[in-house]
Each structure stands twice: as structure tokens, then as C-alpha cells.
Amino acid sequence: MARRETAIARSIIYAILNAKEDGAPARKYSLLARVLRLFRIYWLTFRLVRPDLFRALRGVWGIKEDDYKASFDAGKENRTKRAKAILVPMGDMGYSGSTFFRTNDAAYLVKSIPRYFEHDFFKNDLLLPYADHMRTHPSSFLVRITSFLESSHKSIGILLGLAPSHHIVMENIMYGQDQESQGGPDPKWESWDLKPTSYFFPERDIAGGTLSSEATKSKLADEFHDKIRLSEAQAAAFKDQLEKDTLLLADSNAVDYSLFLVRISAANAPNAESQPPLRSGQASSDPIPPAQPPFSPPNPPSWRTGVASSDGNEVYKAAVLDFFWAKHTFQAKAMTGLINSYNLIDEQGPMSITADSKEYRDRFLEMCAGLIEVQG
């Protein structure tokens with residue numbers, strides 16, 4: 001890893017492994033140290049936001065604290081190379097400027113939330129409704145966020161945009177991709193980040209997209225040119241749970257979220273039904289099997305562990321991501337005004353980030369329903 005990535009990774013790991021019970025940094029800095037850390041470029045001192053709440057959520061999801069911390073700890077024999085061994089950089093994966101890491105065991109992703117209006121919305125508006133919803137809806141499609149970190153101080157690196165001040169740790173819906181079949185062909189994994197494409201996307205729609213580079217347009221939402229083949233019962237459950245999840249987001253005024261869909265070749269897919277069920281809190285010295293993410297038991301199959309298609313040829317995983325853009329924030333209002341002004345010249349309609357939250361929910365659900373083909 002580059003120096004910047006190494007420093008960011010080490011500061012994240014240090015906070016997760018060493019923060020106090022209340023989430024405060026492990027070290028108490030002297031006045032001189034507090035002054036000097038203002039000049040840091042990459043290394044930040046993080047505190048854990050609402051560690052009690054996230055600890056309770058991890059308990060609901062059956063994540064044992066020792067196992068959780070083990071995903072971020074290479075062990076005493078590798079302390080000097082811990083960041084390189086544990087957090088693998090994944091680069092910038094979109095317009096938000098977020099940086100991504102994944103743990104070396106592939107169980108979790110660490111995503112930066114660099115924009116103030118997004119992490120402020122999540123912390124002060126959405127966090128408590130999200131936690132209540134996740135406790136009462138174990139089958140929720142909303143991605144499971146296991147920790148939330150924020151910098152405990154300002155620094156030059158934050159002001160220059162070189163070091164993200166906030167990060168979330170979340171489940172990795174692609175968990176299992178690196179698990180190769182024993183004596184068989186490698187698994188075929190495909191993924192799509194899906195949003196309603198009927199909205200106005202300037203990069204695509206102004207001058208037919210000729211003013212934007214292919215690299216820029218490649219960051220737009222994907223398109224899925226196939227169908228999710230489900231039984232009637234599976235399709236009904238899929239739609240019902242998405243309606244409940246998106247109602248929470250619409251009530252919180254969130255827009256621009258996406259459905260992350262994974263399709264796995266059935267012959268190579270993790271076979272959740274073949275694994276014995278684990279009871280919540282059950283202790284085991286056995287390693288987590290490839291079909292078993294660390295946050296849910298393998299039985300019954302779910303959209304996190306893998307749902308088999310009605311024809312038995314494919315396995316699907318899915319999660320709702322990126323629900324941090326709220327219409328009531330100043331930036332969203334400013335962007336809405338800008339797009340409304342542009343529409344006076346060239347009527348294109350709203351963007352996904354300027355749409356009304358209820359309207360966005362309707363289009364999102366319509367998109368998701370259109371993905372399904374009921375069989376059997």
C-alpha cells in the first residue's frame with residue numbers, strides 16, 4: 001500500500017482494536033500532542049460513534065466480539081505489518097470520493113464518508129431509525145453497518161481532503177468470492193450496482209454523453225440485462241421486504257440509494273443449505289465456512305448467504321447501499337435548484353439526487369420489481 005493508504009488503514013485498525021468502552025480514543029493526549037496532531041496529513045485519531053448501539057446490533061446479528069476484532073487484528077506475530085495484512089485497499093469506487101478497504105478475511109468493508117452532509121445525516125438523523133429497523137427486521141436488505149468512526153480532531157489532512165474524517169464498517173456482500181472450489185472450476189461471480197436509470201444523468205444525457213469520458217460514465221449505475229428467476233413465494237418476500245426498507249429511507253428523506261446485486265454460478269455457489277445451523281452465540285473453534293458470512297446463520301438461506309433461483313441454475317445475493325444522501329440537506333437543496341434551473345433550458349427531469357424521496361422510492365421499487373421473473 002502507498003503511504004497514505006497505510007496510514008489511514010493503521011489509524012482505523014487502532015481505533016477499532018483499542019478504543020475505550022465508550023468509544024473514546026485509547027490514549028489521552030497532552031496539550032502539546034493535541035496541537036501537533038493538527039498538522040497530521042494522513043494519520044487521524046478516531047473515536048467510535050455510539051459503540052453501545054453498534055455492539056448491540058452485532059449481538060442481534062450473532063457477531064461475537066472476539067471474532068469481529070479478529071478480522072482487524074493480524075496477531076502479535078505480525079504487528080509491524082498489521083495494516084498491510086488486514087486492510088486491503090480497493091480504491092475510489094464512485095462519485096462520492098469515498099475510499100474503500102476490505103479486511104483480509106473479506107468479511108467486512110471499510111468505506112469512508114468524506115462529505116459532511118452525508119455523515120452528519122447518518123449520525124444525527126438516520127442512525128437511530130436504522131438501528132431500530134435492523135433490530136426488528138432481520139431479513140432487511142439494508143446493508144449491515146457494524147461500526148461508525150469519526151475523527152476526534154481537525155487536521156490539515158482533513159481540511160485538504162487527503163484524509164477522510166469518517167468511516168463506516170459494513171458487511172461484504174461479496175464474501176465468499178475468494179473461496180475457490182476444491183478440485184473444481186473457479187466460481188463465477190457477477191455484480192451490479194443498480195439504480196433507476198430513468199433519471200437525468202448529465203454525464204450520459206447532455207449532448208448524448210459526448211462531453212464525458214468513458215471513465216466518468218463507467219461510474220454511473222449499472223444495468224442488468226437479465227432476470228432474477230424466483231418462485232412466487234420468493235418474489236413476494238423480496239418485494240415485501242424492499243417495501244419495508246425503502247419506506248424507512250423515504251420517511252428519512254433519503255434518495256439515491258442502490259440495490260447491489262450479486263449472481264453466482266450455482267455449481268460453484270456457496271451451498272447454504274448444506275451447512276448445519278449455528279445457534280446465536282454458539283461457540284465454535286472451527287473456521288467460518290465459505291457459505292457462512294460472520295453476521296448470519298447459514299439456515300435458512302437469505303439474500304446475504306445466497307438465495308437459489310427457481311430453476312436451480314443461479315444463486316443471488318443482494319443489499320441496499322448508499323443511503324446517505326438526504327433531500328433536506330443544504331447541498332441537496334442547492335443541487336435541486338441548479339437542476340431546476342437547467343431544466344428551464346433543456347427539460348430533462350430530476351436527477352436521482354434531486355428527486356423527491358417518495359418518488360425515488362416508487363421508481364426504485366418499480367426497477368426492482370422489473371428485475372424479477374416468476375417461475376414455478
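Modeller: One term before we start: buried means under 20% relative accessible area, exposed over 50% and partly exposed in between, with a 1.4 Å probe and protein chains only. This is a predicted model, in which local features need pLDDT of at least 70, side-chain atom pairs count only at pLDDT 80 or more, and totals for chains, interfaces and linings use all residues. Residues are numbered from 1 along each chain as its sequence is written, and side-chain values use heavy atoms, with hydrogens and water left out.

Colleague: OK, is Ala 106 buried or exposed?

Modeller: Ala 106 counts as buried, because its relative accessibility is 8%. Its phi is near 65°, a positive value in a residue other than glycine, and it is found in the loop between β3 (99-103) and β4 (108-112). Helices (H or I, at least four residues) and strands (E, at least two) are DSSP runs, numbered from the N terminus.

Colleague: And what about Asp 322, where does it lie?

Modeller: Asp 322 lies in the loop between β12 (314-321) and β13 (325-326), and its phi, near 60°, is also positive in a residue other than glycine. At 28% relative accessibility, Asp 322 counts as partly exposed.

Colleague: Switching to the sheet with β12, what is the strand order?

Modeller: The order is β7-β10-β12-β11, an open sheet of 4 strands with antiparallel pairing, where two strands pair if DSSP finds at least two bridges between them. The edge strands are β7 (189-194) and β11 (307-308), each pairing on one side only.

Colleague: How many bridges join β11 to β12?

Modeller: There are 2 bridges between these antiparallel strands, and Ala 308 stands opposite Val 315 in β12.

Colleague: New topic: which residues have the most contacts inside the largest nonpolar core?

Modeller: They are Phe 72, Ile 145, Val 320 and Phe 323, in a core of 94 residues. Helix α6 (residues 116-136) gives the most to this core, with 8 residues. A nonpolar core here is a set of buried Ala, Val, Leu, Ile, Met, Phe, Trp, Tyr and Cys residues joined through side-chain atoms within 4.5 Å.

Colleague: What does Ile 145 touch?

Modeller: Not counting residues up to four places away in sequence, Ile 145 touches several residues, including Phe 54, Trp 61, Phe 122, Tyr 130, Met 170 and Phe 323, where contact means heavy atoms within 4.5 Å.
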